[in-house]
Every structure is written in structure tokens, then in C-alpha cells.
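Please read the following report alongside the sequence and the structure shown here.

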2 protein chains.
Amino acid sequence: MYQDRRKVIVIGGGLVGSLCACFMGQKGYHVVLYEKRSDLRKDTYMRGRSINLAISHRGRVALRSVGLEETVLGSAIPMQGRLLHGKTGALQSMPYDPVFNNCIYSIGRNSLNEVLLNAAENYDNVKVKFDHKLVNADIRRGVIRVQNKTTTEVFEETADLIIGADGAYSVLRSAMLMTPMFQFNQTHIEHGYLELYIPASLGDKMTPNHLHIWPRGQFMMIALPNKDTSWTVTLFMPLDNFTSLRDEDSIMYFFENIFPDAVPLIGKNSLVHTFLSTKPSQLISIKCSPHHFGSKFLIIGDAAHAMVPFYGQGMNSGFEDVSVLSELLDKNHLEVKEIIKLYSEMRVQNVQAVCDLAMYNYVEMRDLVMRKSFRARKAVDEVLYKLCPKIWFPLYNSVSFSSLEYRRCLENKKLQDKIYSLLVGVLLLSFLFVFINILRY
Amino acid sequence: MYQDRRKVIVIGGGLVGSLCACFMGQKGYHVVLYEKRSDLRKDTYMRGRSINLAISHRGRVALRSVGLEETVLGSAIPMQGRLLHGKTGALQSMPYDPVFNNCIYSIGRNSLNEVLLNAAENYDNVKVKFDHKLVNADIRRGVIRVQNKTTTEVFEETADLIIGADGAYSVLRSAMLMTPMFQFNQTHIEHGYLELYIPASLGDKMTPNHLHIWPRGQFMMIALPNKDTSWTVTLFMPLDNFTSLRDEDSIMYFFENIFPDAVPLIGKNSLVHTFLSTKPSQLISIKCSPHHFGSKFLIIGDAAHAMVPFYGQGMNSGFEDVSVLSELLDKNHLEVKEIIKLYSEMRVQNVQAVCDLAMYNYVEMRDLVMRKSFRARKAVDEVLYKLCPKIWFPLYNSVSFSSLEYRRCLENKKLQDKIYSLLVGVLLLSFLFVFINILRY
């Protein structure tokens with residue numbers, strides 16, 4: 001990027017936007033970050049609900065680049081594996097990485113966002129403007145219109161590079177939607193979610209350092225640990241089922257039948273109260289292409305690739321977006337318009353692959369995980385991974401514990417599936433051969 | 001719909017919007033139609049480019065309901081079939097309906113729009129407001145914001161029913177995009193198009209009453225007749241190929257090799273001039289669900305289901321939207337919010353089916369049509385259709401010459417494909433059987 005012109009606007013001060021501001025600040029650019037909400041560090045109430053986040057390799061790499069990895073992991077809780085809860089209360093641990101013992105890390109969205117905003121504001125060349133909302137973008141003219149929500153004044157702004165990190169309902173993306181060759185797909189899945197809570201006082205009854213899963217076919221509940229020993233619990237199920245649970249009796253009947261061991265932990269009162277007072281949230285998956293427009297506009301994070309939360313890669317892939325962009329910006333011989341075009345070419349297929357993986361993992365987490373065939377495959381994966389970790393790299397590990405391009409992770413998995421089928425076939429034939437020979441003699 | 005509250009707003013005065021205003025006017029509702037452009041009847045210049053339109057059964061049924069079928073067909077030109085142009089100039093006619101001799105009708109977009117606007121304005125209870133643009137819709141509050149482009153004043157408006165017929169880039173739909181469970185898919189295909197022209201003076205060199213097609217695999221050219229004996233020619237090809245034709249030599253080399261018999265008709269000067277002065281247009285396909293929001297908002301036509309033009313059903317399906325809505329509105333016991341919900345439930349799958357058909361037909365028109373296997377199948381279809389027209393209803397005929405729901409047309413076709421495969425299989429086996437028996441004796 002030219003050193004003589006270097007103003008960058010970042011739209012959105014969520015996780016990806018504020019991390020992006022840190023990266024751009026570190027490079028010495030003049031950065032303005034517009035966030036439509038007020039400063040969450042000054043708010044006393046918790047905003048929104050959110051599935052707890054799990055930081056894995058790609059997120060850590062990005063945080064490391066701006067010196068924040070240690071701070072963030074310091075307030076996160078390592079999770080070594082999944083802990084499956086059977087209907088009878090039987091527990092089974094499935095470590096994420098039996099070979100290298102890699103973990104994923106549970107952290108609350110708001111506390112992470114605070115760390116990132118503090119870090120961004122530490123750069124003199126970064127200005128964070130809260131209560132400033134993107135009204136619309138005139139992308140052909142290369143300008144955005146921003147409203148100062150305090151004064152209601154609307155002003156035009158421009159920069160050398162304008163990055164939309166404004167989330168799944170991105171205003172910048174909606175301007176790109178009208179441009180030639182822009183492909184867009186938005187899917188709301190039929191499952192919604194509701195957040196429940198296991199208080200700190202009962203938190204020690206849960207096996208620590210695990211992501212707890214209650215897989216039940218069409219339903220699934222998960223729990224992630226918080227620093228104060230409480231657990232954030234999330235129930236996923238079809239929206240129609242939420243509608244049918246309308247009174248205390250139906251709610252308790254459902255829970256005592258489907259998730260009996262969780263009832264005493266969440267508590268009957270809290271369970272019923274949350275159900276009756278809260279509407280379930282929806283889950284959206286968004287794929288689009290390209291991620292840039294013209295000579296200066298780029299979308300990253302959820303604005304470019306919102307995904308369902310079942311691979312724990314939403315934030316991690318958004319953070320990796322920033323790493324990828326940063327590396328390209330360091331190539332001094334390239335102009336901004338070349339960089340964002342190249343970024344888009346490199347990134348679209350990868351993030352579309354992870355959107356698909358996230359959708360697939362929902363089936364795995366709530367259903368497949370209970371099947372014997374699936375567990376057999378997992379066991380084979382584990383053995384092969386232990387024997388030749390460089391050759392047999394299981395999907396979850398390549399996604400969560402490496403920086404291998406997402407689409408390569410997916411390609412590997414497809415190749416492994418073929419080899420696995422071949423192995424099973426050869427094994428069956430060998431058995432048959434031995435069996436026939438035994439019969440003959 | 002309640003008789004005591006009956007204000008309807010239609011957004012968009014294109015073909016579907018102005019027809020919708022006629023239907024609503026006929027029912028006695030108080031109708032306001034907002035069109036962002038000026039009155040095309042007062043403009044002297046031709047606006048935009050457009051593939052000529054082909055009216056078929058569904059469009060005719062809708063026009064008939066408001067007494068406009070005869071007027072419209074009076075200025076249209078019947079097309080009995082496709083006329084295929086081979087590379088060597090060989091011609092082959094493929095009638096659309098060898099059993100009942102149904103035709104489709106070629107008409108210019110602007111003249112049809114004029115007829116519809118005149119008809120709408122003939123109702124005292126319909127007000128057409130040109131130069132009024134939908135700025136945005138606050139669909140949760142149930143209001144729209146409209147700008148009078150002459151005075152620049154912006155005002156809020158509401159009605160009992162607000163219908164967005166505002167085209168592929170619908171502003172009303174963009175408000176619905178942000179609502180729970182709204183599914184949306186937008187695809188730009190990699191082929192663009194360019195309009196060319198055969199002047200009236202040479203029009204008689206073209207076989208009349210046909211839709212002419214030059215199928216060439218990745219490329220396709222079509223020509224539709226105009227009332228003044230000129231022909232509107234449309235070339236479809238990958239956008240990359242357009243980019244490679246940048247000077248007179250490359251353009252003429254391309255045409256003389258690929259469409260040699262069309263060169264003298266279009267004329268070298270006109271051909272080269274159009275190529276060098278015009279950017280190819282893009283083609284978009286849009287599917288979404290649902291088509292309504294809340295108690296009063298509905299989208300129809302391209303706003304709800306823009307499709308590629310290869311089945312000639314874009315306008316026809318939009319007109320059918322109006323027929324379907326009209327029938328539901330006539331059910332007096334239903335409230336508007338029930339009607340639009342029901343409309344959406346009935347219509348979404350059908351228009352998504354026709355979007356898919358349109359995409360499929362592009363392959364058929366430019367490629368399959370040249371294959372022997374495809375022609376054999378067509379011939380079998382024709383024979384079976386002649387023998388039992390009520391049972392064997394070929395896809396093209398059910399789509400273009402009946403009101404059978406689009407998804408049923410598609411289901412029929414799939415069933416026919418299975419039967420056809422079975423027939424071919426039985427036939428082959430019989431031959432084999434006979435052949436073996438001949439060898440034995």
C-alpha cells in the first residue's frame with residue numbers, strides 16, 4: 001500500500017472490526033473505526049445474547065500478530081475435548097487432539113471485545129467513534145455516509161481503504177448486492193437457540209475443561225465454561241418445537257425426558273422463566289462473492305461470511321480474514337485495488353468451505369456423534385493420526401489447530417473418506433476370503 | 001378483503017406493477033401506483049434495452065381478466081415454433097405445439113407497458129404517480145417512505161396492502177432481507193447479452209412467425225419479430241468472450257465463423273458499432289421466501305423471482321402472480337394478512353420451479369437442441385403427445401400453454417423422464433432378444 005496515502009476506515013467495532021483496527025493501527029495507517037452502538041465498556045447492562053466463543057488456532061495466530069494472544073488466553077478457559085451426555089446421564093469424553101493435546105478456549109464475547117477495543121485505542125493513529133452509524137455507501141463514487149447518532153448529523157467520508165466489518169446484516173454489503181456479478185446466498189436454518197445458565201455455585205458439578213454436548217438428534221444442548229465457574233448453556237432445536245413449549249408443564253416434561261441430568265444444574269425456576277420470557281434467536285448462514293468492490297471497498301468477518309456456530313469458526317475465520325489482508329497489505333509493490341481483488345480471490349472459496357463445514361457439523365454434533373459407525377471412524381482417524389500425524393490430518397484438527405486453507409481441509413477430508421471406504425472394503429474382502437478358506441478345509 | 005378498508009399501494013409501474021394496478025382498480029380498491037421513472041408515454045427516447053417479450057398462456061389469462069388480451073395480441077406477432085440456424089445456414093423448424101397449434105407472441109416491452117398504464121389510469125380509483133421513488137420501507141411499523149423526485153420531498157405512506165412490483169433490485173425486498181427466516185439467493189450467470197438489430201428493410205429475408213435461434217454451445221443468438229418487420233436480435237455469451245471482442249477484426253472474424261448467415265442481415269457497420277459502443281448486460285436469477293411480510297407487505301414479479309430469460313416466463317409468471325393474488329382477494333372471508341400468507345405458501349415453490357426451469361432451458365436452447373439424443377426425445381414426446389395429449393403433456397407445453405402449477409409441470413417432466421428411460425430400456429432389451437434369437441436359428 002502506498003505510504004503517502006494511507007487512511008483506512010473500518011465499519012463496525014465488534015470482534016473482527018476492532019481487531020482489524022489494531023492491525024491497521026500497527027501498520028501506521030490513519031484509522032477511523034465507526035461503531036453504531038455506544039461504548040460497551042461504559043455500559044452496565046449485558047448486550048444481546050451470544051453463544052460463548054471458542055478461540056482456536058486461527059484466532060490465536062491473528063491475536064499473536066498484535067501481541068494480544070497471552071492477554072486473551074489468560075482470561076479464557078481451555079477445553080480439551082467434547083464431553084457427551086447420554087440420556088441416562090452416562091458421560092463420554094472425546095478429546096479434540098489426542099496426539100498434540102491442542103485445546104480450544106472458551107471466552108465471553110464482551111470481555112474479548114473490551115480487550116480488542118482497548119488495544120485499538122492504544123494506537124495514537126486509531127480513532128474509535130462510537131454512536132456513529134453507516135447510513136449507506138455510494139460505492140460507485142467511493143464514499144460512505146455516516147450518521148453521528150448523538151447530533152443526528154449525517155456526513156460523507158472516504159478513505160484509501162474502507163473495510164466493512166459490520167456483521168451479518170452488513171450495510172456495506174447491501175450496497176454491493178446491487179452490483180454486477182455479485183453472488184449472494186442467505187439461509188436461515190430452521191433451528192433456533194435459547195441461552196440458559198448454570199450458576200457458579202453449581203459449576204463444579206460439571207466436568208471441567210470440556211465443551212459439554214447433549215446430542216439428541218433433532219435437539220442439541222451445549223455448555224461452555226465461564227471464568228467465574230458458571231456455565232453458559234445453549235439449547236438448539238427446531239423453531240416449531242420452541243413454539244410448542246409454552247407452559248411450565250410442557251417445558252419440564254420436555255427437559256426431564258430429553259436432558260434429565262441438566263435440570264438440577266440449570267434449576268427449574270430459571271429454566272421455566274427463561275423459556276417463558278425469551279424468544280429463541282435465529283441462525284443465519286451467508287455466502288457471497290466477491291468480497292470487494294471497485295478500488296477500495298472490502299467486507300470481512302460476518303459481513304462476508306456469516307455462518308452457523310457449530311464449528312466454532314465464525315470468529316476464528318473472521319480473525320484469519322484480518323491476518324490474510326494484513327499479509328497482502330505488507331506487499332508494498334501492490335496498490336489497494338490489487339490487494340482487495342487478490343484478497344477476494346484467495347478468500348472466497350475458503351470461507352465458503354467453512355460455512356459449509358459449519359452447516360455439516362451441526363448434523364455431526366447433534367446426531368452422528370451418537371452413531372457407532374461415526375465413532376468407529378473417529379477411532380480409526382485417531383489411530384492413523386497417531387501413526388502418521390503429517391499424512392493423516394483429521395478434519396477437525398486441520399480446521400481448528402492449523403492454518404491450512406479451509407478448502408484444503410475439506411479436500412483432505414474427502415480424500416480420507418475415499419481411502420477409509422477402500423480400507424473398509426479391503427478389510428471386509430479379507431475377512432470373507434479367510435472365512436471361505438476356513439470353510440473349505 | 002374487508003370492503004370498508006381498501007387502500008392498495010403498488011410500487012413500480014413496470015409490466016407487472018401496472019397490470020396489478022388494473023386488477024386492483026377493477027376490484028374497486030383505492031389504488032396508488034408509485035413509479036420512480038417519468039412517464040414512458042411522454043418520453044421520446046427508448047429507455048433501457050430489453051430482450052423482446054414472448055407472451056404465452058399465463059400472461060394471456062391475466063390480460064383477459066382485465067379485458068386487455070385482444071388489444072395486446074393485436075399488436076403482437078405470433079411465433080409458431082423455433083427456427084434453428086445451423087452453422088452452414090441450414091434451417092430447421094421445431095413447432096411449439098404440433099397438436100393444438102398454440103403459439104407464443106412477440107411484443108415490445110415499451111408498447112405493452114403503455115397499454116397497461118393507459119388501462120390502469122382509466123380507472124377513476126387508480127392514481128399513477130410518476131417520478132415517485134420508494135426510499136425505504138419500515139416494514140415493522142407498516143409504512144413506506146416515498147420521495148417525490150420533482151420536489152425532492154420525502155413523505156410517509158401506508159395502506160391496507162402494499163405490493164412491491166419494483167423489480168429485480170426491489171427496495172421493498174431489501175427491507176424484508178433483514179427479517180427472521182427470510183431465505184434469499186441471488187445468482188448472476190457468467191453469460192451476458194447484447195442487443196442487435198435486423199432492420200425492417202431486410203426483415204422479409206427471415207422466415208416469419210418463428211423465434212429464430214442460432215445455438216452454438218457456449219454462445220447463442222436469438223431473434224424475435226417486431227411489428228414493423230424488423231427483428232430484435234440478442235446475443236448471449238460468456239462475459240469473458242465479450243471482453244475479447246474489442247476491435248472490428250475480431251468482431252467480424254467471430255461473427256463470420258459462428259453466425260455467418262446473420263452478418264448480411266444485421267450489417268457489418270451496425271454490428272461493429274453496437275459491439276464497440278455498448279457494454280453487455282448481465283443476467284440475474286433471484287429466489288426468495290417468503291414473499292410477504294407481516295400483515296400487509298407483498299412482493300410480486302421480478303422483485304420476488306427474477307429469472308434468466310430462457311423460458312420466456314419472466315413476465316408471464318409475474319402476470320400469473322397477479323391472477324393468483326386476485327383470486328385470493330376475491331375470497332371475502334379472508335383478511336389481507338391471511339391472504340398474503342396463503343399467497344406466499346402457494347406461490348413460492350411454483351416460481352422457484354420456473355426460475356430453475358429458465359436456468360435449465362438456457363442449456364437446452366444453446367446446446368442440447370443440437371444433439372441427436374435430444375431431438376429423438378423431442379420426437380417421442382411429440383408422438384406420445386399426439387396419441388394421448390391428456391396424459392403425455394410435454395414440459396414446454398405445460399409451462400407455456402397451460403396454467404398447470406409450475407412445480408407440477410416439473411414433476412410431470414421428471415415422471416416422463418423415468419418412463420422414457422424405461423421405454424428405451426425395454427426397447428433395447430427387445431432388440432437384443434430378437435437379435436439373439438436370430439443368431440440361434
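Leaving aside its neighbours within four places in sequence, A303(A) is in contact (heavy atoms within 4.5 Å) with G164(A), D166(A), G167(A), A168(A), S170(A) and R173(A). This alanine belongs to helix α10 (residues 302–305) of chain A, where helices (H or I, at least four residues) and strands (E, at least two) are DSSP runs numbered from the N terminus. A303(A) counts as buried because its relative accessibility is 0%, the classes being buried under 20% relative accessible area, exposed over 50% and partly exposed in between, with a 1.4 Å probe and protein chains only. Between the C-alpha atoms of A303(A) and C288(A), which lie 15 residues apart along the chain, the separation is 9.3 Å.

## Basis of the model

This is a predicted model, in which local features need pLDDT of at least 70 and side-chain atom pairs count only at pLDDT 80 or more, while totals for chains, interfaces and linings use all residues. Residues are numbered from 1 along each chain as its sequence is written, chains are lettered from A and ligands numbered from 1 in the order in which they are written, and side-chain values use heavy atoms, with hydrogens and water left out.

## Helix α15 of chain A and its partners

Helix α12 (residues 336–366) and helix α15 (residues 406–440) of chain A have axes that come within 7 Å and cross at roughly 55°; axes are lines fitted to C-alpha atoms, for helices over the stretch in contact, and angles run from 0 to 180 degrees between N-to-C directions. The two helices α12(A) and α15(A) are therefore oblique to each other, given that angles under 35 degrees count as roughly parallel, over 145 as roughly antiparallel, 65 to 115 as roughly perpendicular and the rest as oblique. On the α12(A) side the contact includes R347(A), Q349(A) and N350(A), and on the α15(A) side it is made by Y406(A), R407(A) and L410(A).

Helix α13 (residues 372–387) of chain A also packs against α15(A), at an angle of about 105° and with the axes 12 Å apart, so α13(A) is roughly perpendicular to α15(A). Here A376(A), R377(A) and V380(A) of α13(A) meet K413(A), Q416(A), D417(A) and Y420(A) of α15(A). An unreviewed UniProt entry annotates residues 419–439 of chain A as "transmembrane region", although such annotations may be inferred rather than shown by experiment. Over residues 419–439 the chain is 100% helix and 0% strand, and the end C-alpha atoms are 30 Å apart.

## A buried asparagine in chain B

N361(B) is found in helix α12 (residues 336–366) of chain B and counts as buried because its relative accessibility is 2%. Not counting residues up to four places away in sequence, N361(B) touches R82(B), F310(B) and Y311(B).

## Backbone positions to check

A cis peptide bond joins S289(A) and P290(A), with omega about -5°, and P290(A) lies in the loop between β18 (284–289) and β19 (292–293) of chain A. In chain B, the peptide bond from S289(B) to P290(B) is cis, with omega near -5°.

N101(A), although not a glycine, has a positive phi of about 55°; N101(A) is placed in the loop between β6 (91–95) and β7 (104–107) of chain A and is exposed, with a relative accessible area of 58%. T152(B) is not a glycine either, and has a positive phi of about 65°.
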